[in-house]
Each structure stands twice: as C-alpha cells, then as structure tokens.
Amino acid sequence: MPPTPPPPGRRERNKQAKLERIIAAASELFAARGVDEVTTQQIADAADIGTGTLFLYARTKGELLLLVQNHHYANSLEQGIEAAASTSNALDAIMALLLPVIECNRVQVENGRTYLREMLFGDPTEPHHGEALQIVGRTEQAIADILIEHRSLDAARAATLARVISSVQFVAMASAIDPEISSAQLAEGVRAQLDAVLPE
C-alpha cells in the first residue's frame with residue numbers, strides 16, 4: 001500500500017484559498033457584466049487580494065477568463081461523462097457528454113465565445129491555455145471511448161471521428177451569437193449534424 005501523502009502546508013493552503021477566491025470573484029463578475037466590462041482591479045477587490053497577487057495567477061484578462069472557464073468546463077465534462085454512462089447508444093451518449101459543456105458555454109454567451117477564441121488563438125506556452133487544450137483532449141478521448149464501446153470502432157478511427165465531432169461542437173458554440181438561442185436548441189443542431197456523420 002503506497003504511503004499517504006502529507007497534507008498540504010500552510011503556504012499551499014493559502015495559495016489554494018486565493019485561487020478559489022479569484023475563480024469565484026471572476027466567475028460572478030464575468031457572468032454579471034461580461035468579460036469586456038470587468039477590470040482586473042474589480043476582480044482583485046472582489047477576491048480581497050492585490051492586483052499584483054492576481055497577476056501571479058493570470059497575467060492578462062484573457063488568461064483570467066481561461067482560468068475561470070477551464071474550472072467550469074472541467075466540471076461540466078465530468079458531469080457529461082457521468083451522464084453518458086447511463087445511455088444505451090452512441091448518439092445519446094455523445095450528446096449526454098456534450099450537453100453540460102454546451103450549457104457551460106452559454107451561461108454568458110460573449111464570455112463563451114471569447115473563451116473559445118482564447119483557446120484557439122491564445123499563447124500556447126501559457127499554462128491556462130494548455131489546460132484548456134487538455135480539456136478538449138479529454139473530451140475527444142471520452143467521445144472516442146463511446147464510439148469504441150457502442151460502435152466497435154478501432155481506436156484510430158474513433159479518435160479521428162472524435163476530432164470531427166469536437167469540431168462540430170466547437171463551430172456550433174462559436175457561431176451561436178444570438179443569446180436567445182438556448183443550449184437545448186444548440187444541442188439539437190449538433191445532434192442533427194452528428195446523426196449525419198456517425199457510422200451505422
């Protein structure tokens with residue numbers, strides 16, 4: 001039996017507490033006003049930290065949005081994986097997986113689109129950008145696992161099709177500018193496209 005790791009020290013606990021306050025403050029402000037209308041000073045004040053401390057966690061507002069949205073997207077992906085496990089066919093499983101991510105993206109439409117833009121065009125050496133791409137990779141792997149289980153595809157073909165499905169979802173979320181378009185409506189459009197490309 002491996003030894004139990006020691007509990008985190010005070011410094012690590014303080015660092016984690018600050019990170020949680022930053023995520024909570026930025027989440028609330030971004031959702032209420034949109035990322036373009038919020039300043040880093042407002043986020044620092046709401047998190048009860050100095051702006052210098054805030055910049056230790058994210059150097060720009062774009063990086064801060066990635067930090068916040070990565071947290072929400074990772075949680076949404078876990079919800080989707082859990083929901084997909086209780087379905088009986090590939091299309092239902094994939095949509096159960098993707099729906100929480102779509103819903104996360106639509107909480108504040110412009111923030112969701114900005115996040116996708118940062119993910120696509122952000123600094124690839126920046127850690128929060130890298131984490132965003134890891135979430136995409138985990139999503140594609142979860143889709144591939146579904147295709148292997150429900151459609152008996154080999155791993156290489158499942159991975160290729162998972163990338164196609166991820167692209168369909170990405171374009172659908174990025175192009176849905178109208179905030180009146182609901183998550184359910186967006187998901188219906190994604191489902192129709194996937195129904196056309198999934199192998200029998």
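Helices (H or I, at least four residues) and strands (E, at least two) are DSSP runs, numbered from the N terminus. By that rule the chain has 9 helices and 0 strands, and along the sequence its pattern reads α-α-α-α-α-α-α-α-α.

This is a predicted model, in which local features need pLDDT of at least 70 and side-chain atom pairs count only at pLDDT 80 or more, while totals for chains, interfaces and linings use all residues. Residues are numbered from 1 along each chain as its sequence is written, and side-chain values use heavy atoms, with hydrogens and water left out.

## Confidence and overall form

The score pLDDT is the predictor's confidence in each residue, from 0 to 100. For the chain its average is 91, and 96% of the residues score at least 70. Confidence is lowest in helix α1 (residues 10-33), at a mean of 88, and highest in α5, at 97. Where pLDDT is low, the predicted coordinates should not be read in detail.

Taken along the principal axes, the C-alpha atoms of the chain fill a box of roughly 55 × 55 × 30 Å. A residue is called buried under 20% relative accessible area, exposed over 50%, and partly exposed in between (1.4 Å probe, protein chains only). Of the 200 residues of the chain, 42% count as buried. A contact means heavy atoms within 4.5 Å. Among contacts in the chain with a separation of 6 or more, 70% come from residues 24 or more positions apart.

## Helix α8

Helix α8 covers residues 155-175, which is 21 residues. From its first C-alpha to its last it reaches 30 Å, close to the 30 Å expected at 1.5 Å a residue; the expected span is 1.5 Å times one less than the number of residues.

The buried residues of α8 are Ala158, Leu161, Ala162, Ile165, Ser166, Val168, Gln169, Ala172 and Met173. Seen down the axis of α8, they fall within an arc of 155°, so they line one face of the helix. The arc is that of the directions from the helix axis to the C-beta atoms. An α-helix has 3.6 residues a turn, so residues three or four places apart point the same way.

The buried residues of α8 pack against α5 (90-105), α6 (109-121), α7 (127-151) and α9 (183-197). On the other side of α8, Ala156, Thr160, Arg163 and Val171 are exposed.

The N-terminal end of α8 is capped by Asp154, which has a side-chain oxygen 3.1 Å from the backbone nitrogen of Ala156. A polar contact is a pair of N or O atoms within 3.5 Å; within protein, one must be able to donate a hydrogen and the other to accept it, and residues adjacent in sequence count only if both atoms are side-chain atoms.

## An aromatic pair

Rings of Phe, Tyr and Trp (its six-membered ring) pair if their centres lie within 6.5 Å; planes under 30 degrees apart count as stacked, over 60 as edge-to-face and the rest as tilted. The structure holds 1 aromatic pair. Its members are Tyr73 and Tyr115, tilted, at 4.4 Å centre to centre with 40° between the planes. Tyr73 lies in helix α4 (residues 61-84) and Tyr115 in helix α6, so the pair ties together parts that are 42 residues apart in sequence. Both Tyr73 and Tyr115 are buried.

## Single residues

| Residue | In contact with |
|---|---|
| Ile43 | Ala25, Ala26, Leu29, Phe30, Val38, Leu54 and Leu64 |
| Ser76 | Pro100, Val101 and Cys104 |
| Ile177 | Val109 and Arg113 |

Ile43 is found in helix α2 (residues 40-47) and is buried, with a relative accessible area of 0%. Ile43 and Ile81 are 38 residues apart in sequence and 32 Å apart in space, C-alpha to C-alpha. Ser76 sits in helix α4, and at 8% relative accessibility Ser76 counts as buried.

Ile177 lies in the loop between α8 and α9 and counts as exposed at 52% relative accessibility. The C-alpha atoms of Ile177 and Val109 are separated by 7.1 Å, although these residues are 68 residues apart along the chain.

Two further loop residues have a positive phi. Asp48, in the loop between α2 and α3 (51-57), has a phi near 60°, a positive value in a residue other than glycine. Asp48 is exposed, with a relative accessible area of 65%. Ser152, in the loop between α7 and α8, has a phi near 55°, again positive in a residue other than glycine. Ser152 is exposed, with a relative accessible area of 65%.
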